[in-house]
Amino acid sequence: MSLSLRFAAGSHKGMIREGNEDSGYAGPRLLAVADGMGGQAAGEVASSEVLSTIVELDEDVPGADLLDALRSAVDRANDRLRVMVDDDPQLEGMGTTLTALLWTGSRLGLAHIGDSRAYLLRDGALEQITQDHTWVQRLVDEGRITEEEADHHPQRSLLMRALDGRGHVEPDLSVREARPGDRYLICSDGLSGVVSRETMEATLLTYANPGDAVQELIQLALRGGGPDNITCIVADVVDPADQPSDSPIVVGAVASVVDDTTTLPTTPASRARELTAGEYETEALVSEPGSRRKPKPKSTLRRTLPIWGGVAVLVAALGGAYYWTQTQYFVADKGDHVAIYRGIDSKILGLNLASTYQSYDELKLTMIGQTNRDAVNSTLDAASLTEARHTIDRLKRQADVCRRAYAADDAKKAVEGNPGAQPAGSVDTFPQQNPGLPAALQTNAPVSKHTPTTASRSTRSSSTADPGSKGRGATATSPTTPASSAPPSSAPPAAVPEAPGSGLSAEETDLAKQCYPRLPGTTGTN
């Protein structure tokens with residue numbers, strides 16, 4: 001079944017920004033939002049140029065392969081930015097996000113790069129159908145922070161992917177089947193970063209007219225402080241008989257008029273011509289069909305923009321991200337003991353983002369039990385330095401219990417004087433009636449020999465360049481406990497006195513269970 005779109009679009013510079021670097025386009029076949037970056041007019045140039053390039057997709061009969069068409073348009077737009085920077089090095093550092101929906105029949109092709117977003121309201125529920133290409137989203141994907149923490153993270157706008165003309169860019173591409181009654185929202189982070197998804201959902205359900213919904217969403221973002229440019233498009237999937245929209249709309253920087261909104265001519269050729277006329281193919285737009293406005297000359301400010309401006313912005317962003325990492329802490333191994341690290345357990349461009357904050361040489365990995373060793377080898381994240389220290393205190397208590405349990409175990413073996421006993425710590429020495437407990441914590445009962453087991457220990461190598469830094473990628477070794485060939489005893493041994501040092505509380509007895517299986521060679525002192 002062939003379906004159509006009824007749409008509206010709007011844009012506002014917000015309450016803080018001096019200009020609008022967002023650009024938006026809504027047409028019968030194409031919906032797109034681009035959020036420019038780079039400052040000093042470079043951001044508005046980038047977003048305008050990208051939309052001016054992909055507007056050619058808004059043709060009357062789009063090609064059969066939506067994804068190929070979108071991929072080619074994105075590549076052309078990125079190549080165009082490269083040419084612009086080559087022609088004018090003062091534009092170095094500019095870039096833009098892009099989220100675009102290409103429509104044909106009942107299918108929608110989606111192209112996405114950056115942190116502008118697309119949402120789908122279906123059956124009364126609003127779903128985000130794009131994933132942000134940001135540093136914070138990567139932390140969420142890796143489980144380092146929650147979605148709620150990401151909403152308020154100081155580096156939530158640090159992009160990991162954007163259109164900037166510097167190299168090949170791979171957008172996220174997908175195809176969706178549309179249904180009558182679906183409502184799509186495309187917006188820049190000036191809306192999604194201020195207004196919650198629940199509020200956007202309620203607004204889209206409340207306002208049946210797309211234009212009313214757009215205006216209310218922009219007002220909500222402004223009432224939330226309007227810290228960034230705000231651009232959004234709302235489009236309803238309707239039957240062709242239900243008066244779909246047929247006049248394209250451009251908003252924001254690409255419109256370049258007083259009210260930030262322009263209605264373009266209705267033919268594909270004229271739309272492309274109007275959007276691609278003028279300097280950098282962005283300037284000559286018309287308020288009415290048939291009238292042409294002279295291209296706006298390049299501002300003196302843009303001419304004097306330092307070449308290193310974009311580099312400074314990038315360095316500042318990376319510096320901010322690195323500063324944030326230095327407020328994070330985690331507990332992990334350092335050689336044969338435990339340490340607190342400051343930073344995050346990652347590398348960027350070969351730079352280790354973690355360093356040793358405090359090392360606990362006395363807190364040996366051999367004394368904290370297999371479960372804790374595995375956790376420490378995988379790193380134990382902490383919400384704060386205080387939480388990391390609480391983790392260290394917990395491990396110290398576990399180590400103290402293990403020392404006492406091992407000492408009691410060794411003392412009991414000495415009292416028994418059994419020359420055929422297994423090496424200290426072997427699970428073969430556990431009393432048969434409860435093999436989960438160490439010998440020092442059992443009642444005296446016959447001990448049965450069985451096939452010896454192998455204990456393993458994972459070790460981690462630290463960086464040779466910096467012994468205090470967190471080295472990753474070490475290999476694990478598994479020393480094997482020697483097997484005992486002593487024959488089983490033909491008669492149960494006589495009862496022996498309770499070993500000294502085994503007086504553990506009920507809670508400590510539970511902790512002592514985690515000390516086993518015992519690594520070979522461990523005693524109550526190491």
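Both faces of strand S2 are covered: Asp 22, Gly 24 and Ala 26 are buried on one side, and Ser 23 and Tyr 25 are buried on the other. Buried here means under 20% relative accessible area, with a 1.4 Å probe and protein chains only. S2 spans residues 22-26, and five of its five residues are buried. The model is a predicted one, in which local features need pLDDT of at least 70 and side-chain atom pairs count only at pLDDT 80 or more, while totals for chains, interfaces and linings use all residues. Residues are numbered from 1 along each chain as its sequence is written, and side-chain values use heavy atoms, with hydrogens and water left out.

S2 has two pairing partners to follow. Strands are DSSP runs of E of at least two residues, helices are runs of H or I of at least four, and both are numbered from the N terminus; two strands pair if DSSP finds at least two bridges between them. Strand S3 (residues 30-37) runs antiparallel to S2 and is joined to S2 by five bridges. Asp 22 has Asp 35 as its bridge partner in S3. Three residues lie between S2 and S3, which form a hairpin. Strand S12 (residues 249-252) also pairs with S2 in the antiparallel sense, over four bridges, and Ser 23 stands opposite Gly 252 there.

Another group of strands forms an open sheet of five, in the order S1-S11-S10-S7-S8, with antiparallel pairing. Its edge strands, S1 (4-12) and S8 (125-128), each pair on one side only. On average, neighbouring strands of this sheet are turned by 20° against each other, direction ignored. Within the sheet, S7 (residues 117-122) and S10 (residues 183-187) run antiparallel and are joined by five bridges; Ala 118 has Ile 186 as its bridge partner in S10. Helix H6 (residues 197-206) lies across S7, S8, S10 and strand S11 (230-238), at about 130° to S8. Such angles run from 0 to 180 degrees between N-to-C directions, and axes are lines fitted to C-alpha atoms, for helices over the stretch in contact.

Two further helices pack against each other. H1 (residues 42-54) and H2 (residues 66-87) meet at an angle of about 135°, with their axes 9 Å apart. Contact means heavy atoms within 4.5 Å. Among the residues of H1 that meet H2 are Val 45, Glu 49 and Ile 54, and those in H2 include Ala 73, Arg 76 and Met 84.

Note on methods:
Buried means under 20% relative accessible area, exposed over 50%, partly exposed in between (1.4 Å probe, protein chains only).
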